[in-house]
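Have a look at it first, then read on.

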Amino acid sequence: MSRPTPLLLSLALAAVLIPAAAIRSQAGQPPASPAHSTHAAAPPSSTSARRLPLTVGGASVIAVPPGASETSAGMTLRNPGKTPVVLTAARSPAAEHVMLMTTRRDPQGRVGMSAVKSLTVPAGGSLVLKPGGNHLMLMNLKRPLKPGERIALVLVARDGRTLSVSAPVRLP
Ligand SMILES: [Cu+2]
């Protein structure tokens, strides 16, 4: 009964193979970068061309008690243009990440929030972001937010255009 089990065999193999692989990667050249990589980071076109043509009203971030790790942000976005603006992401220096969320009622009548991949500001229309509706969720806050201070938010559209918003922190 001294035959090694397959698990022990593979562990023994790993012990032999891993150092060999480590030595090879140290001795080898760093992987060559693709020839086209120098062109990949072409400078963006002018900043104004990359800015979302939306107007912002009533932006705010809801103050939360110390220790709370997340909060919501709202605003009204108006799109005077002839094409819808599809927001796919947002970010803020105050949070590790920002989620696009919607509020839904399930068949049992319970209300809950769920993340969505995009929120659209219709052409010639507006999108209201507010707690209890569509909103932004600041996740893993990096520090407490003081009522009255302004928080920077960046909205990102599917085409890469962005919009910077400064939102005051207000009590719920
Ligand atoms: Cu939420």
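## Around Ser-166

The side chains of Ser-166 and Arg-150 are joined by a polar contact of 2.8 Å. Keep in mind that this is a predicted model. Ser-166 sits in strand β10, which covers residues 162-170. Its relative accessibility is 39%, so Ser-166 counts as partly exposed.

Setting aside neighbours within four places in sequence, Ser-166 is in contact with Ala-59, Arg-150 and Ile-151. Val-61 is worth a glance too: 105 residues separate Val-61 from Ser-166 in sequence, but the C-alpha to C-alpha distance is 9.6 Å.

His-135 and Met-137 are both buried.

For reference, the ideal angle for four tetrahedral donors is 109.5 degrees.

Now to Thr-102, which belongs to strand β4 (residues 95-105). Is Thr-102 buried or exposed? With a relative accessible area of 11%, Thr-102 is buried, because the label applies under 20%.

The side chain of Thr-102 makes a polar contact of 2.7 Å with the side chain of Asn-134. Not counting residues up to four places away in sequence, Thr-102 touches Gly-112, Met-113, Ser-114, Val-116, Gly-133 and Asn-134.

## The chain as a whole

Zooming out, the protein chain has two helices and 10 strands, and reading along the sequence gives α-α-β-β-β-β-β-β-β-β-β-β. Of the contacts with a separation of 6 or more, 65% are between residues 24 or more positions apart. Buried residues account for 29% of the 172 residues. The chain exposes about 11300 Å², and 61% of that comes from carbon and sulfur atoms.

The average pLDDT of the protein chain is 83, and 72% of the residues score at least 70. Over residues 11-28, though, the pLDDT is below 50, and this stretch has one contact in the model beyond near neighbours in sequence.

Technical notes. Residues are numbered from 1 along each chain as its sequence is written. This is a predicted model: local features need pLDDT of at least 70, side-chain atom pairs count only at pLDDT 80 or more; totals for chains, interfaces and linings use all residues. Side-chain values use heavy atoms; hydrogens and water are left out. pLDDT is the predictor's confidence in each residue, from 0 to 100. Contact means heavy atoms within 4.5 Å. Buried means under 20% relative accessible area, exposed over 50%, partly exposed in between (1.4 Å probe, protein chains only). Helices (H or I, at least four residues) and strands (E, at least two) are DSSP runs, numbered from the N terminus. A polar contact is a pair of N or O atoms within 3.5 Å; within protein, one must be able to donate a hydrogen and the other to accept it, and residues adjacent in sequence count only if both atoms are side-chain atoms. Accessible areas come from the Shrake-Rupley method with a 1.4 Å probe; for residues, only the protein chains shown count as cover.
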